[in-house]
Amino acid sequence: MDLQKALKGDLKDYTSLPFWSWNNELDPKELIRQIRAFKEQGIDGFIMHARTGLRTAYLSDAWFDCVRACLREARELGMRAWGYDENGWPSGFAGGSLLKPGNYAQYITYGVKDAFDPAASAVYAMAGGRAERLKPGGKAARYHCLYIHDHPCYADILNERVVSEFIGATHEEYYKRFPDSFGRELEGFFTDEPQYFRYAAAFSRVLPAAWEKAYGGDIYDGLIYLFTDGDDSKLFRYNYFSLLNTLYTEVFYKRLYDWCEGHNCMLTGHTVEETTLSGQLWCCAGAMPSYEYEHVPGIDWLGRLVGREAAASPRQAGSVAQQFGKKRVLTETYGCSGWDTTPRELRRIAEFQYVNGVNTMCQHLVSYSLKGQGKSDYPPSFSAHNVWINGSKPFNDYFKRLSYILCNTAECADTLFIHPIRSAYMTYRREEDYVSIRETEDSFLDLTKTLSAGLVQYHYGDERILRERGKADGGAITVGKCRYTRVVVPRMESMESATVKLLADFAAAGGKLCFTDAPPVRENAVLKDVGLRGNCALADIRPAFDLRVSGGDVSASRRSGEIGEFLYIVNSSETETAAAEYGGGYRIVDLRGAELREGVSPLEIPPMSSVMLKLEPGARARKAEARPETDITGQFALASAGDNALTLDFARFSKDGKAWSEPYYAQYLNELLIKEGYAGPLWVKYEFTVADAPERARIRFERNKNTSAQLNGADLKTEQSAWDAYFLECGVSGALKTGVNEFTVRMDYFQKPQVRPTLYGRDVLESLINCLAIDTEIESAYLIGPFAVNGAREIVKEGGARGTADLQEKGYPNFAGAAVLAGSVELEKELPRAALRLEGRYMTAAVRVNGEPAGELMLDGVLELPAPLKKGRSDIEIEITSSMRNQLGPHHCKRDPEPKGVNPGHFNFRNSWQGGASPDFTPAYNLVKFGLDRIVLIG
């Protein structure tokens with residue numbers, strides 16, 4: 001296998017599959033234009049995702065016309081298309097069409113009363129640790145009452161009939177129209193965050209019959225034990241959550257999987273809240289069994305979190321994939337990270353997951369439009385609206401190459417980590433959540449961190465999968481295609497009988513068995529001496545390869561396959577360089593340049609970086625050389641910048657164009673008018689101050705029904721913006737005046753009847769909000785042109801900025817574009833091997849030396865210059881791109897000025913407003929840095 005040739009070849013089979021948010025009125029021509037943009041960026045696939053803001057009726061003929069156009073284009077370009085099986089999320093209610101009595105999800109509430117409540121679903125007396133179910137007229141000192149409720153916002157996915165209706169309303173409709181696309185350009189379907197009911201103790205109308213079939217007896221006799229402790233509470237909870245997990249896995253996931261199998265397509269997606277035990281108990285009672293029934297197991301990864309305890313999520317999916325021989329493992333990643341997440345940070349977030357078990361990226365998300373909620377929909381967006389995205393092919397190519405290696409190798413894991421979620425069933429109480437299983441949860445996450453930090457190659461073993469697939473094989477355990485010679489067990493009060501026997505046989509044959517806590521004292525939740533004893537300590541569980549590391553925050557994966565043997569090393573530290581030495585021969589796989597390079601010892605792995613080694617016995621590594629560094633920041637200054645912007649997000653409103661309100665934050669106006677139920681003409685006025693009028697300027701704003709615009713009372717000619725098809729722009733060159741200017745937008749304001757109750761009704765769940773389109777949205781406007789902005793947010797002349805750092809404080813507070821920093825260096829002699837390290841806050845950097853391109857930075861902070869720096873003067877230009885954060889926000893979060901987990905509430909402060917004020921809102925502008933803090937010459 002010629003690895004270098006493969007890495008330089010066509011790797012479209014390893015493409016990322018971004019969530020493509022269809023969030024406005026869909027136009028097939030615009031969809032095709034965006035598909036072609038994907039292709040130019042090195043993306044060879046997409047997931048067609050109906051989402052918040054969609055105005056084309058979901059699953060209508062017009063919807064399927066758009067799908068047809070995209071499938072046709074995908075076939076033409078050789079791209080992979082995936083359907084998304086819902087409008088919004090969680091999957092399972094077919095955009096609301098299944099929400100009717102008999103289909104609703106159910107949940108239980110609990111209360112203690114002084115009298116028998118005939119309205120209760122069940123009433124109990126508690127005495128001496130035992131519960132007695134009472135009939136009407138029964139007597140008790142206190143009456144423990146349970147109430148079973150329907151929730152009209154979500155469907156019961158534990159019910160086979162409901163799941164059949166879901167498949168019929170979605171998947172079958174696709175197949176009816178596009179049978180020839182299945183297994184070709186239509187690769188499969190993504191199912192998103194299915195759940196039984198995450199907000200309270202879950203129930204289902206199918207549970208009584210399922211309980212009787214599984215365990216005998218009446219489920220209501222013990223249902224009180226979900227809320228109270230008693231002699232039988234642990235056994236009841238164990239059986240209850242086991243049944244929920246079985247139904248979740250087999251009624252929902254397996255039925256979707258079987259349908260896809262029968263229709264020549266695949267299933268991917270993820271359950272919700274996979275990282276913790278308590279999160280999984282909200283919704284599925286264990287994510288790992290469902291991965292058996294996905295062709296491409298998937299996870300979700302929100303925000304910028306990178307920490308060893310979070311390794312559980314990719315490890316769970318990756319473990320099952322390895323055990324069942326599934327080639328790809330997908331991560332829906334980057335949602336909530338925020339507009340200012342840099343490509344280097346994106347690399348850090350992804351590679352921590354990749355080293356722990358995933359290998360295929362689904363970027364959350366690519367917005368069809370940024371109109372209205374598109375800007376605040378769990379950003380960032382990887383659409384062309386984003387400044388650096390049109391140049392993002394190196395990013396996408398890098399992860400294709402990484403995916404190629406990981407998909408075609410298996411992790412050499414020799415340690416099996418018994419997953420403790422079924423033991424957690426026994427003490428879990430939804431109203432107490434994490435607290436009720438704290439000891440089990442903490443032990444699980446602590447052991448995950450310990451093994452990961454120790455570079456131990458391990459997989460999780462789910463007890464259901466072990467029961468069905470696990471075998472003791474001498475001093476090893478095989479689970480499907482994997483073989484383990486060491487087993488570690490965190491705190492587990494109970495184990496399944498099959499797990500007990502498997503570990504007993506394994507240990508008896510000489511397998512290494514380590515308990516980090518006391519061995520279980522229950523079997524299937526029943527007190528029993530299970531007879532298991534450990535025969536080694538956790539300190540004995542060490543990596544099976546010679547890798548020594550110091551510094552940084554390092555994870556590693558030893559891998560093997562037909563394409564070779566590899567060691568993938570990731571440094572997740574944001575600030576600290578790691579040094580690594582591998583005790584064997586290797587070459588370095590350069591995933592940016594798609595080539596193999598000579599090894600270096602010790603390996604230096606910068607922060608937020610990684611190295612892929614191809615292990616080759618006998619290959620020698622040269623000794624690393626120290627290189628001098630010179631801070632040359634003072635030689636540079638801002639030379640030029642693209643058009644600046646001033647975000648206008650405060651406005652007055654009028655219903656007659658004459659009487660005006662006080663200025664309010666624009667997002668507050670949305671809430672005010674929706675709650676009022678207003679319909680009719682509306683004028684919105686944005687005010688800004690000009691001290692020095694620029695030679696040219698334009699205003700970008702959002703299109704609503706019958707939109708027109710004026711500046712200082714004069715009508716403006718509007719045209720569709722090239723930036724977004726649902727924005728308008730108007731030139732205002734020569735029309736700006738010194739002093740306060742008034743930009744006024746006139747529109748017809750209206751909302752559908754369901755908008756107000758969906759956004760502000762009691763107990764409305766995200767399922768309905770996620771598939772809502774708000775008809776009229778009052779949003780920011782943007783003044784754009786060659787100007788600067790002073791501290792009072794007044795328009796002034798450019799040219800006053802000095803230095804290279806904090807450009808947002810030097811006249812560019814809402815800038816979104818590229819800025820050029822220019823400087824020079826004087827050398828007394830030629831520097832044959834030189835590099836630049838750029839420190840600061842920027843998205844990408846392009847360097848020119850003496851007018852010639854010298855390379856770009858996107859994934860790294862150090863650029864090796866392609867040619868020597870000559871004696872004498874060399875002129876250097878560094879063009880850096882910004883994020884969209886300072887233009888689009890969120891700008892006004894009082895309690896968390898720079899949230900690292902960004903959601904729509906950070907923009908709209910929904911339901912917290914009182915008379916234009918909110919405890920979460922500040923009128924001040926919170927901005928992030930843009931610029932270079934240090935420019936360092938290396939060599």
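Predicted model: local features only at pLDDT ≥ 70, side-chain atom pairs only at ≥ 80, totals over all residues.
Asn 850 sits in the loop that runs between β52 (845–849) and β53 (852–857), and its phi is positive, near 50°, although the residue is not a glycine.

Glu 193 is another residue, not a glycine, with a positive phi, in this case about 55°. Its place is in the loop between β8 (186–192) and β9 (201–203), but Glu 193 has a relative accessibility of 8% and so counts as buried. Such angles deserve a second look because most residues other than glycine have a negative phi.

## Two cis peptide bonds

The peptide bond that leads from His 364 to Leu 365 is cis, with an omega near -5°, and Leu 365 belongs to the loop between β13 (360–363) and β14 (366–367). A cis peptide bond also joins Ser 601 and Pro 602, where omega is about -5°, and Pro 602 is placed in the loop between β31 (595–601) and β32 (603–605). As background for reading these bonds, most peptide bonds are trans.

## Cysteines without a disulfide

How many disulfides does the model contain? The count comes to zero, when a disulfide is taken as a pair of cysteine sulfur atoms within 2.5 Å. For Cys 66, the closest cysteine sulfur is that of Cys 70, and because the distance is 6.8 Å, the two are too far apart for a bond. Cys 412 is likewise in no disulfide, with the nearest cysteine sulfur, in Cys 482, 10 Å away.

Cys 66 is buried, at 2% relative accessibility, whereas Cys 412 is partly exposed, at 31%. Cys 514, which lies in strand β23 (residues 512–515), is buried with a relative accessible area of 1%. Apart from neighbours within four places in sequence, Cys 514 is in contact with Val 487, Val 488, Val 489, Cys 536, Ala 537 and Leu 538.

In soluble globular proteins, nonpolar side chains tend to be buried together. Here the largest nonpolar core has 184 residues, and those with the most contacts inside it are Trp 20, Trp 22, Trp 63, Leu 223 and Tyr 240. Helix α7 gives the most to this core, contributing 15 residues. A second, separate core has 45 residues, including Tyr 665, Phe 743, Met 747 and Phe 787.

Trp 22 shows what such a position looks like in detail: beyond residues up to four places away in sequence, the residues it touches include Leu 31, Met 48, Leu 54, Trp 63, Cys 66, Cys 70 and Tyr 368.

## Helices in their surroundings

Helix α4 (residues 160–169) and helix α7 (residues 233–262) have axes that come within 10 Å and cross at roughly 40°, and the crossing is right-handed. On the side of α4 the contact is made by Glu 160, Val 163, Ser 164, Phe 166 and Ile 167, and on the side of α7 by Val 251, Phe 252, Arg 255, Leu 256 and Trp 259. Sorted by type, the residues of this contact are seven nonpolar, one polar and two charged.

Why is helix α17 (residues 666–676) described as largely enclosed by the rest of the structure? The reason is that eight of its eleven residues are buried, among them Ala 666, Tyr 668, Leu 669 and Ile 674. The buried residues of α17 pack against several elements, including β40 (680–690), β46 (739–749) and α18 (755–760). After α17 comes Gly 677, which has a positive phi near 80°.

Arg 430 is located in the loop between α13 (421–424) and α14 (438–453), and with a relative accessible area of 18% it is buried. Leaving out neighbours within four places in sequence, Arg 430 is in contact with Arg 198, Tyr 199, Ala 200, Ala 201 and Trp 282.

Glu 830, found in the loop between β50 (818–827) and β51 (835–841), is partly exposed at 45% relative accessibility. With the neighbours within four places in sequence again set aside, Glu 830 is in contact with Pro 868, Leu 869, Lys 870 and Lys 871.

Notes
Residues numbered from 1 in each chain as written. Heavy atoms only, no water. Buried < 20%, exposed > 50% of the residue type's maximum accessible area, 1.4 Å probe, protein only. Helix = DSSP H or I, 4+ residues; strand = E, 2+ residues; numbered from the N terminus. Contact = heavy atoms within 4.5 Å. Axes fitted to C-alpha atoms, helices over the stretch in contact; angles between N-to-C directions. Left-handed = near helix turned anticlockwise from the far one by under 90°. Nonpolar A, V, L, I, M, F, W, Y, C, P; charged D, E, K, R; others polar. Core = buried A, V, L, I, M, F, W, Y, C linked by side-chain atoms within 4.5 Å.
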